[in-house]
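Hello,

Below is the structure I said I would pass on. My notes on it follow.

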2 protein chains.
Amino acid sequence: MPARYEQIAAELREAILGGTYPVGSHLPSEAALAARHSAARGTVRQAVALLASEGLVGSRQGARRVVLRGERDQLFGEPYDFARWAGALGHRAGGEVIGRRRRKASATEAVRLAVCAGEEVLSMLRLRTLDGVPVLVERAVYASWVVPAVEVLEPGCESVVGALGETAGLAFRHGEHLIDAVAAGVQEARLLAVRRGSPLLRRRRLTSTAEGRPVEWSDDRYRAGSVVFATRSPGGVNPSLAGQDGDLR
Amino acid sequence: MPARYEQIAAELREAILGGTYPVGSHLPSEAALAARHSAARGTVRQAVALLASEGLVGSRQGARRVVLRGERDQLFGEPYDFARWAGALGHRAGGEVIGRRRRKASATEAVRLAVCAGEEVLSMLRLRTLDGVPVLVERAVYASWVVPAVEVLEPGCESVVGALGETAGLAFRHGEHLIDAVAAGVQEARLLAVRRGSPLLRRRRLTSTAEGRPVEWSDDRYRAGSVVFATRSPGGVNPSLAGQDGDLR
DNA sequence: GGACAAAACTTGTGCGAACAAGCTAACGGC
DNA sequence: GCCGTTAGCTTGTTCGCACAAGTTTTGTCC
């Protein structure tokens, strides 16, 4: 059973999304909510803090909380899962594994995955499609300690992260994203059916366990025009200067 | 004076960044921190929750908190300010205003800025440079209620947001970002000194006051290779399908 | 020594109270 | 009617306590 404050948050969230509290309207006061749910004010505050972190409500000392958004945006805060994401948006995800092999970790990969340099990792190249249209080239590297669990998965498996969550009982969260634009190379142009040099949106992402242990480091390149990344700010999108490999410094 | 939990958080943050608690090490227990600062455990929990939201520490029920990062990344959570950002990274920001005029808000702009459709807004086109190299074309639109405050600023003003914060006493935070890749058009190619069709990283961003009132809606296009956007996940980067205008749905 | 069980420790959740700080609306004087 | 003051409401911060749930260490038995 979820925690009490999560229940209250879920109820409020549904009410907001369902239109009971339209955008711009005020939420009931914490005292009122506490009375309604027979909970302490602190518990209610935990609930609304959750909604605030999702960007649904805003607050100002002294004034009642205001509803800022009336629609959920897709999968906020959840770890990346292409298949689930596409499904939630009513589209059909497909794809194929172009290549999969073990090799030694590069210096950057070793740092990202917090493994020793030269340790063996699993490298995987995948093409993802949306409703049959190729939209994404994914180059993922898995940390050595999950390689056995990943290798037993059938190559056609659509969601490595999802499957690992079930078989290995691991909870994931995303750690970091580095986003920039690059020109399509020869291989990407062929796979995505675009001209060489046309713009691609690149996202390098690190998936970690809930405790912060890195699992997967991936370089994803999206065809321009196919997807838009959305983010809200407390949580912060921050430009940083690009180095040779665009690492954070 | 900042709140108690912010002081404790700041102290812990400095200790982590300063190497007192190296990456991978454990933080003292909440009880120990509470005793050291003569504060209640709840207050300490608020402090470490802040650090956790910044991605500096992780936690697991029953086990001590672990330090996840030892370096601050640039300006996390702060509202966008090109000049300040560049300065913090040791680079010289420059730029010029190409155009500035009042006009009626488009439908999208009206929605974004939460003003009535057709209301007058201030449109501004700017070229930004880093160490003399053009890196960014910025097309910003300001909500009518701040137009007077914006117009009195000299055109050479490097930081509109910063200036408004000082003159009007407004506190800002970012609301939303939409990030994708586009090909350079004729104007952008000329301004950024790249070939037409070469990849640009586009970020459309909404800046709001702390209470959630929209102030600025801007379409920023960065030359590929010049910047990388970084973000951490609780706070969420979420791909969404691209519509005609890439709006969230 | 090694495996198992218990104890000690640590974080997660929840309650209730109190005061501070800021906002709103009602009230009263002009 | 208009405006300033005031009283009441609402959120922000802090305290202290208690128990639940999970982890780590200790200790014991074989």
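Gly19(B), which follows H1(B), has a positive phi near 95°. Helices here are DSSP runs of H or I with at least four residues, strands are runs of E with at least two, and both are numbered from the N terminus.

This is a predicted model, in which local features need pLDDT of at least 70 and side-chain atom pairs count only at pLDDT 80 or more, while totals for chains, interfaces and linings use all residues. Residues are numbered from 1 along each chain as its sequence is written, chains are lettered from A and ligands numbered from 1 in the order in which they are written, and side-chain values use heavy atoms, with hydrogens and water left out.

Back to H1(B): its 14 residues reach 20 Å from the first C-alpha to the last, close to the 20 Å expected at 1.5 Å a residue (the expected span is 1.5 Å times one less than the number of residues). Its buried residues are Ile8(B), Ala9(B), Leu12(B), Arg13(B), Ala15(B) and Ile16(B); buried means under 20% relative accessible area, with a 1.4 Å probe and protein chains only. They lie on the same side of H1(B) because they cover an arc of only 160° around the axis, taken from the directions from the helix axis to the C-beta atoms. The buried residues pack against helix H2 (30-37), H3, S1 and S2 of chain B, contact being heavy atoms within 4.5 Å.

Next, DNA strand C. It is surrounded by 23 residues, with Arg4(A), Tyr5(A), Thr43(A), Arg41(B) and Gln61(B) the closest; a residue is near a strand if one of its heavy atoms lies within 4 Å of it. Of the atoms of DNA strand C within 4 Å of the protein, 75% belong to sugar and phosphate. S2(B) gives the most to this surface, with 3 residues.

Polar contacts are pairs of N or O atoms within 3.5 Å. In one of them, a side-chain N or O atom of Arg45(B) is 2.9 Å from a phosphate oxygen of DNA strand C.

DNA strand D has 24 residues around it, and Glu30(A), Arg41(A), Gln61(A), Arg4(B) and Thr43(B) come nearest. A base nitrogen of DNA strand D lies 3.4 Å from a polar side-chain atom of Arg41(B). Gln61(B) has a polar side-chain atom 3.3 Å from a sugar or linking oxygen of DNA strand D.

Regards

Terms used: Polar contact = N/O pair within 3.5 Å; in protein donor to acceptor, adjacent residues only side chain to side chain. Buried < 20%, exposed > 50% of the residue type's maximum accessible area, 1.4 Å probe, protein only.
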